[in-house]
Amino acid sequence: MAGQEMFALDDLARLFNVAVREDAAAGGLTVTAGTQTIVLSAGQSLASVSGRLISLPAAPVRDGRTWYVPVDFVPRALALAIGGRLELRKPSRLILVGDIRVPRIVGRMEALGSVTRLTLDISPATPHTVTQEGTRLTVRFEAEALDAALPATTSPELVVNVRPGEAPAAIAVDLGTRFSSFRTVDTPGDRGTARLVIDVIAQTTEAPPNPSTPTPAPTTPNPAAPETPPLIDLAPAGTLRAIVIDAGHGGSEDGAKGPGGALEKQVTLSVARRLKAALEGRLGLRVILTRDGDTTIGLDERAAVANNNKADLFVSLHANASPRPGTSGAEVFYLSLDEYGDAAERAAHVDSEALPVFGGGSRDIELILWDMAQARYIQESAALAQSVEASLRPRVPMSARAIQQAPFRVLVGANMPAVLVEMGFITNPAQEKQLQSDEFQNLVVQALVESITRFRDAHSGVHQAGAR
Amino acid sequence: MIRRMAIGALVVLVVVALVWAIAAIAPRLPVRGTPPVASPATLAGAGAERRITATLYYVSEDGLSLPGVQREVAFADSIGEQARRIVEAQLADAPAPYASPVPAGTALRALFIGERGEAFVDLGGEIRTKHPGGSLEEIFTTYAIVNALTVNLPAITRVQILIDGKEADTLAGHVDLRHPLQKNLKWTAVQTDNDK
């Protein structure tokens, strides 16, 4: 109704056993629940609950003899008057009454080579079990019911269907003909949520190699099990989930140019795409590129992509330049705070503040100036830079100044550990050719995958202390 | 009598206010006649031919450092004018065997010194349009100018580079130019100029 979802007040009265009385003279409505009263006025998006003013997204509307109120009237006003728990879930069009457990489950499915990954985000975290019963996996939750949004299958030969189970608080995963085994990982999420990842693994004999994928081969193949498909390297609880890869420059900004005409923006995009494929395939991470084409992206926008996606790491890829054509070697940068003075010091020691929340109570809010967000992650960024340098060194030529700090604009706003990798000097004729070659780009990708894996393993749980 | 005293007091107040206003505004104006500030630079000549020895910064032969090189720069009797001459010398060609960290043809449009010792160096757009890019080269360009001023003129504590009269984000997509930058000698190593 006029862009608002509304409930008929009469329906609410029947459901919740409250009395509705219209005061035609005053143009108002009174809803009585026990000793509590809610007063509504026509044309005003406010409700008075026993004298306490509550804001509503829209005013009550009359249509014929029926009064309608915005759906938010239920949790904001009616819940206060009734005194019990009333929870409105708009996406699933549910009203939960009383103290029952109906966790919200949001699923998604990804095909990752010989593994199909089903990820279930559970809010609030609810104890559960996963069992195999013939050709079906059953996920049972300790709850009265489920409020579930389940995904369509992406690989029917492995997972035929994901659907509500026979029990009211269960999800069934019907398995396909290529099913071999499965494994599960539980990780705690933010604000009392949890994530259950179920990897459904295919039989090995039909695992097809994909020659077109630029993902480099694992550096240490397992000779004991040559037929085993490359399993996803699942992260331990509380570690990396998403990474933003920033292909430097792009669009109208070519970046540095090689003597043979190679452009930095082309090299960075090519490596970024390869790195995305490798990280998704090998580590099962969510990887976001700041650009996936020849587009002009502002420096603020690049950090914003990482912050808005709550990325755990930010890696910016570049190619270096020098007036000396002989200069060569890769360099890894992280932010230097010296140039930012007191602002950096303040940003590095931001504490959360408890702010009052509408409807009572408070919520801890961390007020972080985006402009200086990186100040809180300098130590972790230094560790990431060291890890990247250690993995690059055996694979590609390194500069004599392999790790450096500088006040780089693209790093300062990143609200997570962040590094900028100069893969080589494009102004050096030999390095220009290297930077354009598949072999060199794959070596850089191998090094970055290895270093990110090492960083993840070494910093398991550390990042939880950051701003998430 | 009381009226005369009131007028006298008013005149004193106006004079005090004028002095205060001049003191507050003057440092933001282009400096021409302000007294020179103590500088480590030594006089290398006398009278109209006087020159000082200043440390300027150029790209090393291996391309990986920005050593300081002692060079002679024309003397000026105000800190603002001296700063201008140092930057102009830094923008000129590099002595052999060094390479210039600044794109050839970059012009100095103006130079201001703020009340807290910040110098605002307004460069022509060539510093951006002709810049070859790359993190290290951009670091060298930026800190050659920052160090040339802060090392030779201790009264200048920070330097902000402007381009065509406006604040700039970066020269070529890397170094943050939105704030005045302080001296940074991480990439330098003082050497003797053999090209005087």
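Student: Is the crossing of helix 3 of chain A and helix 9 of chain A left-handed or right-handed?

Tutor: This is a predicted model, in which local features need pLDDT of at least 70, side-chain atom pairs count only at pLDDT 80 or more, and totals for chains, interfaces and linings use all residues. Residues are numbered from 1 along each chain as its sequence is written, and chains are lettered from A and ligands numbered from 1 in the order in which they are written. Helices (H or I, at least four residues) and strands (E, at least two) are DSSP runs, numbered from the N terminus; a crossing is left-handed if the near helix is turned anticlockwise from the far one by less than a right angle, and right-handed if clockwise. For helix 3 of chain A and helix 9 of chain A, the crossing is right-handed.

Student: Why is helix 3 of chain A called oblique to helix 9 of chain A?

Tutor: Axes are lines fitted to C-alpha atoms, for helices over the stretch in contact, and angles run from 0 to 180 degrees between N-to-C directions. Angles under 35 degrees count as roughly parallel, over 145 as roughly antiparallel, 65 to 115 as roughly perpendicular and the rest as oblique. Helix 3 (residues 264-283) and helix 9 (residues 438-458) of chain A have axes 9 Å apart and pack at an angle of about 45°. That angle makes helix 3 of chain A, relative to helix 9 of chain A, oblique.

Student: How do the residues of that contact of helix 3 with helix 9 of chain A divide into nonpolar, polar and charged?

Tutor: Two residues are in contact if their C-beta atoms, placed from the backbone, lie within 7 Å. Among the residues involved are A:V271 and A:R274 of helix 3 of chain A and A:L448 and A:I452 of helix 9 of chain A. Ala, Val, Leu, Ile, Met, Phe, Trp, Tyr, Cys and Pro count as nonpolar, Asp, Glu, Lys and Arg as charged, and the others, Gly among them, as polar. The division is ten nonpolar, four polar and two charged.

Student: At what angle do helix 2 and helix 4 of chain B pack?

Tutor: Helix 2 of chain B passes helix 4 of chain B in a right-handed crossing. The residues in contact include B:I86 of helix 2 and B:L149 of helix 4 of chain B. The axes of helix 2 (residues 79-91) and helix 4 (residues 135-152) of chain B lie 10 Å apart, and the angle is about 140°.

Student: Which residue stands opposite A:V20 in strand 3 of chain A?

Tutor: Strand 2 of chain A and strand 3 (residues 28-33) of chain A run antiparallel and are joined by five bridges. Opposite A:V20 stands A:V31.

Student: Which strand of chain A gives the largest share of the side that touches chain B?

Tutor: In chain A, 31 residues are in contact with 22 residues of chain B. The elements of chain A that give two or more residues include strand 22 (313-320) and strand 26 (398-406). The largest share is four residues, from strand 26 of chain A.

How values were computed
Two strands pair if DSSP finds at least two bridges between them.
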